[in-house]
Amino acid sequence: MKRIICPVDFSETANNAVEYAANLANYLKAELTLFHVVHEPSLEDVSAVAGGIDVGGKKEFVALERLETYCDMVKDNFAIQCRPKVGSYTPSMEASLRNEIESKKYDLVVMGTDGNSDISQFFLGTHTNHIIGKISLPILVVPFGCPFKKIENVVYASNYKVEDIPALSSVMMLMQVFNPQLTLLHVNKKRTKNDKEVRLLLQDVYQDKLKNEKLAFDQVHSENVASAIDNYVTKNNADLLVLVTHKYSWIQDIFHDSITKKMSLVADYPILIQHVSPIG
């Protein structure tokens with residue numbers, strides 16, 4: 001882990017995400033980039049542009065100055081490398097963020113969310129979910145008010161797919177510095193006679209491939225998968241939940257729609273969205 005990017009709009013939600021990202025960067029010995037996209041042009045801006053005034057350039061300059069001050073504070077408080085980056089609203093704010101994230105300069109995205117369904121900022125609250133399925137980097141979603149703490153207990157929500165093995169391997173590499181307890185949790189909607197046999201067989205396969213002594217397995221039964229995962233994470237005081245999305249070219253990922261988006265709206269703990277490609 002070398003580079004982390006954290007979108008900011010200077011709100012309390014974003015500030016909380018920056019603090020979490022800075023603490024994480026300190027542990028991972030990573031560089032942190034604070035990325036801000038200037039606001040969309042107002043009617044007054046359009047009039048000024050028509051009159052020959054470079055409104056966009058002025059806004060970007062002001063935002064960069066503010067970000068530089070912010071980065072200096074982060075450097076002083078967390079002893080990490082922190083750099084500012086400002087993006088333009090052209091062609092759109094969301095596209096600007098997505099293009100920067102996918103520029104191959106970063107390894108992890110840390111984004112804040114407050115779960116407010118009517119928030120206007122495109123990369124906060126419900127708009128975090130508009131980004132989740134559109135980029136390939138892992139995304140760490142940090143709810144407002146969630147403080148950073150050493151990651152010692154991780155729950156990985158699994159639907160028993162082959163892709164779990166490379167996804168788990170990536171999570172283990174990311175979390176290596178913490179060496180946490182990692183529990184692979186499967187939520188089964190209906191009980192079957194061979195539930196235990198399937199779990200034990202998968203456990204042997206996963207352990208053989210991953211060779212992690214701190215990898216555990218658990219299973220619960222519930223019709224409401226999102227609620228079951230949330231209850232399990234809360235009951236077991238997990239420091240992080242990992243959810244996986246799969247990149248299908250034209251088939252919408254049901255697991256992503258029904259679980260990942262809902263969880264990032266209601267959870268009060270950080271969620272790592274891990275992207276993997278289907279195997280086969």
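Tutor: The model is predicted. Helices here are DSSP runs of H or I with at least four residues, numbered from the N terminus. Asp 76 lies in one such run, helix 3 (residues 55-78).

Student: Why is Asp 76 called exposed?

Tutor: The relative accessible area of Asp 76 is 67%. Exposed means over 50%, so Asp 76 is classed as exposed.

Student: What makes the surface patch that includes Asp 76 negative?

Tutor: The patch is formed by Glu 65, Glu 68, Asp 72 and Asp 76. Asp and Glu count as negative, therefore the patch carries that name.

Student: How do you know whether Ile 271 is buried or exposed?

Tutor: Ile 271, found in strand 10 (residues 271-276), has a relative accessible area of 1%. Buried means under 20%, so Ile 271 is buried. Its C-alpha atom is separated by 9.9 Å from that of Val 110, 161 residues apart along the chain.

Student: Why is helix 4 called mostly covered?

Tutor: Seven of the nine residues of helix 4 (residues 93-101) are buried. Among them are Met 93, Leu 97 and Ile 101, together with Glu 94 and Glu 100.

Student: What share of the protein chain counts as buried?

Tutor: Of its 280 residues, 50% do. The protein chain has nine helices and 10 strands, and exposes about 14200 Å², of which carbon and sulfur atoms supply 51%.

Notes:
Residues are numbered from 1 along each chain as its sequence is written. This is a predicted model: local features need pLDDT of at least 70, side-chain atom pairs count only at pLDDT 80 or more; totals for chains, interfaces and linings use all residues. Side-chain values use heavy atoms; hydrogens and water are left out. Patches are made of residues with over 30% relative accessible area and no salt bridge: like charges are joined within 9 Å, nonpolar side chains (Val, Leu, Ile, Met, Phe, Trp, Tyr) within 5 Å. Accessible areas come from the Shrake-Rupley method with a 1.4 Å probe; for residues, only the protein chains shown count as cover. A salt bridge is a side-chain nitrogen of Lys or Arg within 4 Å of a carboxyl oxygen of Asp or Glu. The place of a charge is taken as NZ of Lys, CZ of Arg, CG of Asp or CD of Glu. Helices (H or I, at least four residues) and strands (E, at least two) are DSSP runs, numbered from the N terminus. Buried means under 20% relative accessible area, exposed over 50%, partly exposed in between (1.4 Å probe, protein chains only).
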